[in-house]
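Please look over the sequence and the model before reading on.

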Amino acid sequence: MPGQARSATSAIDTPTPPPPPLRPMPKLQATQIPVTPFQQNCALIWDAETLRGTVIDPGGDVPRILAAIAKAGVTIENILLTHGHLDHAGGADALRTALTESQGAPVPVIGPHRNDAFLLSGIEAQSRQYGIPDLQNATPDRFLEEGETVSIAGQDFGVLHCPGHAPGHVVFVNQALGFAVVGDVLFRGSIGRTDFPYGDHEALIHAIVTKLLPLGDEMRFLCGHGPGSTFGEERRTNPFLPR
Ligand SMILES: [Zn+2]
Ligand SMILES: [Zn+2]
């Protein structure tokens, strides 16, 4: 967010108080719940004042996600998916069913881009191959497109379509908060794998370089596996990115 120009004419003995923020910074809190044998970071993000929140990428282990929601005392407004891989989406339908019943109102599953529909409908077959029980095909209430806006804990996040790791992968960004959720596009010191039949290494690098890094070095991100980082740290040190 661009800063306001400072007036240089205030009297020395009557300092001008700082202007009020253009809008109050929301008190967003986040916790990560590692799910499935892939240790995928399911994210629970909520507003500490309204206690309304969002679950991103509930890949499985739904009872543990529900326990984290109960511990935080949060009402979930929506469930977002970054892409269609089983470790990110395999618990989405079960979580929607459980929350819709416990909260008494529909909780929609939103995303990813429709180009991942084939992955979402293949989760059960894939999970049998990997020997992971209890994962389900995911059926989003709505797919997402580049440039749309979604609510995360009551804050508007822009949607960026970042294919390469998966053809329908989306990333959620809020420039004013300096915060992004990037799924398996970018990791601390690594990038998403592209050795799937539908993987596209060039598209992945292109998305990172043209869509994510220009958002600024200060942007912090959560990712699907391992610790988060900032775009600046990855721009400077990530060995998989061109420089
Ligand atoms: Zn993935
Ligand atoms: Zn993953």
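In which loop is Asp61 found? Asp61 is found in the loop between β3 and α1, where helices (H or I, at least four residues) and strands (E, at least two) are DSSP runs, numbered from the N terminus. This is a predicted model, in which local features need pLDDT of at least 70, side-chain atom pairs count only at pLDDT 80 or more, and totals for chains, interfaces and linings use all residues. Residues are numbered from 1 along each chain as its sequence is written, and chains are lettered from A and ligands numbered from 1 in the order in which they are written.

**Sheet**
- β4 (residues 75-80) pairs with β5 in the parallel sense over 2 bridges, and Ile79 stands opposite Val109 in β5.

**Backbone features**
- Most residues other than glycine have a negative phi, and most peptide bonds are trans.
- Asp61 has a positive phi, near 50°, and counts as buried with 20 C-beta neighbours inside 10 Å.
- Asp134, in the loop between α5 (123-130) and β6 (149-152), has a positive phi of about 75°.
- A cis peptide bond with omega of about -5° joins Gly111 and Pro112; Pro112 is in the loop between β5 and α4 (117-120).

**Burial term**
- A residue is buried if 20 or more other C-beta atoms, placed from the backbone, lie within 10 Å of its own, exposed if 12 or fewer, and partly exposed in between.

Notes. Two strands pair if DSSP finds at least two bridges between them.
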